[in-house]
Amino acid sequence: MDVDRLLPTPEAADLIALTREIADKELSPRVNEHEAAETYPEGLFTTLGEAGLLGLAYPEEYGGGGQPYEVYLQVLEELAARWAAVAVATSVHTLACHPLHTFGTPEQKERWLPAMLEGRTIGGYSLSEPQAGSDAAALSCKAELQDGGAYRVTGTKAWITHGGKADFYALFARTAPGSHGISCFLAPGATEGLSFGAPERKMGLQAVPTTSAYWDGALLDADRRIGEEGQGLQIAFSALDSGRLGIAACATGLAQAALDAAVDYANERTTFGRRIVDHQGLGFLLADMAAAVDAARATYLDAARRRDLGRPFSRQASAAKLIATDTAMKVTTDAVQVLGGYGYTRDFPVERYMREAKIMQIFEGTNQIQRLVISRGLVRG
């Protein structure tokens, strides 16, 4: 069931229609095969890039779509309703473009940004480390400036979406001691001295790999540093609020898919001579699921509209991520319940939706971290 969206322009409505057409043609027919076999959908992100869906939130002058964030997020939600792993990777790519777009020099942007925004190169975000997830200031991967002007990078990064497949990575590494000693780099995926571990054996989102990266003295040219030395955490944190909105949109799309599957089943299945949707207990459960999905969507759109207006939105982004991902976990679990025993089998997609929902409460800042952000915002007023 297509969501009845309130969009700001006719162009945005056309974009949603295009997204649905591509998602129904390219994503829906392939998702079950690739998720079950844990195989990467080669060429799919090129297709999305050629359609203009990988740079929507960035300016047209550099090859982006020039769309407000509220429109980009609704495109992301449409993708997630068909294939969560692809939507998450799209959100991560958008996140990985942020450092260059926001902090890069005009020369750096002219050189690299068009290929990124047009989807000719796909990006990953390399911030976390095995011992530094929520605590980004604890990074230990080093980037040491050499006499020749290049940086020698040594250390291990973890939990990289698209690891080993991406063409570039927004890399955060330590250039000096302390919380102000972290810098940001635009690292090519094909770099001598950079290797990747085997894909993590995940509960869900199987089709797009998540890996560790091993930097064994790899050299990055000095012009690959984005922003000033020591500006890395500022750059990383400036992107995370927007990234959290991306995950909120993905979670909402996943919850919508679970709701649709549950409603379809409840309309078709009969028990005691009646459709199961006509039994009050189940009808009320579906009503609660629908209300939760509507609330999640409204929450992320409120935060996005604040962002589009240039207003502070950090607390609202954390609230959206918290509410939407908790909603996805509950709605997907309830969808399994609606389908009963069938919901527990791989003959229906709801068990996959449930597995995919769990990680959304964890990445882009755990929901405990979101509560910390919200509470600190309340204290500061």
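Where is Leu-205 found? Leu-205 sits in the loop between strand 6 (194–196) and strand 7 (210–220), where helices (H or I, at least four residues) and strands (E, at least two) are DSSP runs, numbered from the N terminus.

## Basis of the model

This is a predicted model, in which local features need pLDDT of at least 70 and side-chain atom pairs count only at pLDDT 80 or more, while totals for chains, interfaces and linings use all residues. Residues are numbered from 1 along each chain as its sequence is written, and side-chain values use heavy atoms, with hydrogens and water left out.

Leu-205 has a positive phi of about 55° although it is not a glycine, and Leu-205 is buried, with a relative accessible area of 7%; buried means under 20% relative accessible area, exposed over 50%, and partly exposed in between (1.4 Å probe, protein chains only).

His-162, which lies in the loop between strand 3 (151–161) and strand 4 (168–174), is not a glycine either, yet has a positive phi of about 75°. His-162 is buried, with a relative accessible area of 1%.

Strand 4 is largely enclosed by the rest of the structure, because 7 of its 7 residues are buried. Phe-168, Ala-170, Phe-172 and Arg-174 point one way from the strand, whereas Tyr-169, Leu-171 and Ala-173 point the other way.

Strand 4 pairs with strand 1 (residues 123–126) in the parallel sense over 4 bridges, two strands being paired if DSSP finds at least two bridges between them. Within this pairing, Tyr-125 has Ala-170 of strand 4 as its bridge partner. Strand 4 and strand 5 (residues 182–188) run antiparallel and are joined by 7 bridges, and the bridge partner of Ala-173 in strand 5 is Ser-183.
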